[in-house]
Number of protein chains: 2
Amino acid sequence: MPATPAWPPDSTPRLFVETPLAPDVRVTLDGPQAHYLLSVMRVKDGDPVRLFDDASGEWLARAEAVRKRDLILAVTERLREREAVPDLWLCIAPTKKGRIDWTIEKACELGVDRILPVVTRRTVVDRLNLDRLRAHAIEAAEQCGRTALPALAEPVKLAHLLRDWPEGRTLFFADETGGVPATAAMRDHAGPGAILIGPEGGFDAEERAAIRAHPHAVGIALGPRILRAETAAAAAVALWMAAAGDW
Amino acid sequence: MPATPAWPPDSTPRLFVETPLAPDVRVTLDGPQAHYLLSVMRVKDGDPVRLFDDASGEWLARAEAVRKRDLILAVTERLREREAVPDLWLCIAPTKKGRIDWTIEKACELGVDRILPVVTRRTVVDRLNLDRLRAHAIEAAEQCGRTALPALAEPVKLAHLLRDWPEGRTLFFADETGGVPATAAMRDHAGPGAILIGPEGGFDAEERAAIRAHPHAVGIALGPRILRAETAAAAAVALWMAAAGDW
């Protein structure tokens with residue numbers, strides 16, 4: 001857990017804002033964020049609020065000009081620098097709404113740096129609401145204490161992902177037909193990593209062959225049970241964080 | 001993933017039934033299970049169905065006497081013995097409905113042997129619908145290929161859980177104030193294990209002191225971010241399965 005100073009208290013509301021933050025910057029909030037602070041958290045004039053902008057770290061601010069539906073937050077001091085996010089990507093074939101939302105939330109909490117939706121032959125969801133996914137990532141970042149949002153890429157076809165794969169980044173894929181033990185593989189291939197999880201129903205034979213043939217691909221085993229896509233994603237990310245990340 | 005024989009095909013429906021299974025046993029299904037087989041999976045006379053009873057493994061059966069709302073499944077041969085489930089318990093303070101359901105599903109998929117709801121001072125949910133949780137565990141077991149259901153215990157108070165803790169079972173608890181790296185701790189304490197996850201808001205100081213003072217307790221760290229209870233549970237179970245389980 002982040003070492004939070006005694007002040008502000010852990011219960012201090014924490015919000016992501018698009019406004020670049022610096023001392024004396026004033027952020028005017030209305031809409032859902034104001035509703036959350038005013039109606040849910042009962043913020044009054046002078047109360048502390050923590051803000052982060054995904055660029056300059058986490059800042060302490062004070063509520064001013066609190067009204068019924070809006071308020072101003074006056075930034076005072078920096079509480080933390082922006083964190084160094086472990087260099088792990090999560091490449092996932094979108095699954096149905098509730099489950100992909102959950103995957104985004106967990107990937108953010110567990111510390112993923114970048115989320116790449118991958119379109120495969122058996123991908124059922126072809127139209128992804130990236131705004132909704134981004135909202136889930138922001139909410140998770142606010143809740144888990146991240147000062148950096150996970151990047152959320154535009155969906156890409158598996159063939160293009162493999163074709164344009166960057167040098168020096170290991171591609172760990174959950175190999176349903178049996179791979180090497182995940183923790184050992186992740187330790188042996190430290191450095192930039194990515195986890196690739198197939199859709200419900202798995203990759204088809206041709207896709208699996210293309211992944212296996214990729215020079216940076218390492219097939220990992222995640223046990224004898226058939227894991228749902230989002231379960232495999234959370235498990236593989238946790239194993240990577242423990243073996244090669246910042247846990 | 002389990003090595004499934006070519007027959008029956010992977011797409012063969014898979015159901016848990018209360019009936020003890022053996023060759024030539026006939027299981028009459030109606031209600032939701034019949035609806036699933038007939039209306040969702042379009043099972044016809046003679047089609048294969050996989051059954052497990054949490055006692056004798058997984059069996060192949062054939063549909064007979066298929067009618068609009070019911071059918072009979074005639075057991076033919078055993079496909080697999082009942083598996084040996086890794087000896088891991090998951091002790092969780094119940095969280096709100098959607099999240100506890102999710103935790104049960106993931107614990108089952110990841111291979112937990114026993115789930116123990118634990119009542120703590122900050123536990124918000126005091127009335128747990130165990131039937132609903134059991135239904136989620138069964139559905140997850142059907143989907144992930146388990147031949148053994150996770151046991152689901154009655155809720156117990158934290159103090160009683162600690163008081164009656166069995167000899168020789170390590171109690172790994174997610175220590176928000178910093179513990180040892182989880183994978184190393186789990187390897188050092190192989191054998192029967194349990195993971196204890198606190199409620200949203202964590203254990204209170206007195207509870208944490210009681211857990212720390214327990215002779216079998218080992219505090220583990222799950223990274224610098226604040227994990228939701230169900231995220232911490234899934235991550236810790238995955239780490240244990242990789243370090244000391246059957247992954």
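**Entry 1: domains of chain A**

I began with the domain bounds, which come from an automatic or database domain assignment. Chain A is divided into domain 1, residues 14–80, and domain 2, residues 88–244. I noted that this is a predicted model, in which local features need pLDDT of at least 70, side-chain atom pairs count only at pLDDT 80 or more, and totals for chains, interfaces and linings use all residues. Residues are numbered from 1 along each chain as its sequence is written, chains are lettered from A and ligands numbered from 1 in the order in which they are written, and side-chain values use heavy atoms, with hydrogens and water left out.

I looked up the overall extent of chain A: the C-alpha trace spans about 60 × 35 × 30 Å along its principal axes. The chain has seven helices and 13 strands; these are DSSP runs, helices being H or I of at least four residues and strands E of at least two, numbered from the N terminus. Of the 247 residues in chain A, 54% are buried (under 20% relative accessible area; exposed is over 50%, and partly exposed is in between, with a 1.4 Å probe and protein chains only).

I then checked contacts, meaning heavy atoms within 4.5 Å. Among contacts in chain A between residues at least 6 apart in sequence, 74% join residues at least 24 apart.

**Entry 2: between the two domains**

I took the centres of domain 1 and domain 2 of chain A over C-alpha atoms and found 33 Å between them. Ten residues of domain 1 of chain A are in contact with nine residues of domain 2 of chain A. The two domains of chain A bury about 750 Å² between them, 52% of it on carbon and sulfur atoms (buried area is the accessible area, 1.4 Å probe, that two parts lose on being put together, summed over both). Which residues of domain 1 of chain A lose the most area to domain 2 of chain A? They are Arg14(A), Phe16(A) and Asp54(A), together 58% of what that side buries.

I searched this interface for salt bridges (a side-chain nitrogen of Lys or Arg within 4 Å of a carboxyl oxygen of Asp or Glu), and the rule finds one. The side chains of Arg134(A) and Glu18(A) meet in a salt bridge, at 3.1 Å from N to O. Strand E1 of chain A, residues 14–16, gives the most to the domain 1 side, with three residues. By class, that side has three nonpolar, two polar and five charged residues. Ala, Val, Leu, Ile, Met, Phe, Trp, Tyr, Cys and Pro count as nonpolar, Asp, Glu, Lys and Arg as charged, and the others, Gly among them, as polar.

**Entry 3: chain A against chain B**

I turned to the two chains. The contact takes 34 residues from chain A and 34 residues from chain B. Chain A and chain B bury about 3,400 Å² between them, 57% of it on carbon and sulfur atoms. How many salt bridges does the rule find across the interface of chain A and chain B? It finds 12. Lys106(A) forms a salt bridge with Glu230(B), the closest N and O atoms being 2.6 Å apart.

On the side of chain A that touches chain B, helices H2 (97–110), H3 (130–144), H5 (182–188) and H7 (229–244) of chain A each supply at least two residues. The largest share, seven residues, comes from H2(A). By class, I noted 16 nonpolar, five polar and 13 charged residues on this side.

**Entry 4: one residue of chain B**

I located Ala213(B) in the loop between helix H6 (205–212) and strand E13 (217–221) of chain B. Ala213(B) is exposed, with a relative accessible area of 62%. The C-alpha atoms of Ala213(B) and Ser11(B) are separated by 50 Å, and these residues are 202 residues apart along the chain.
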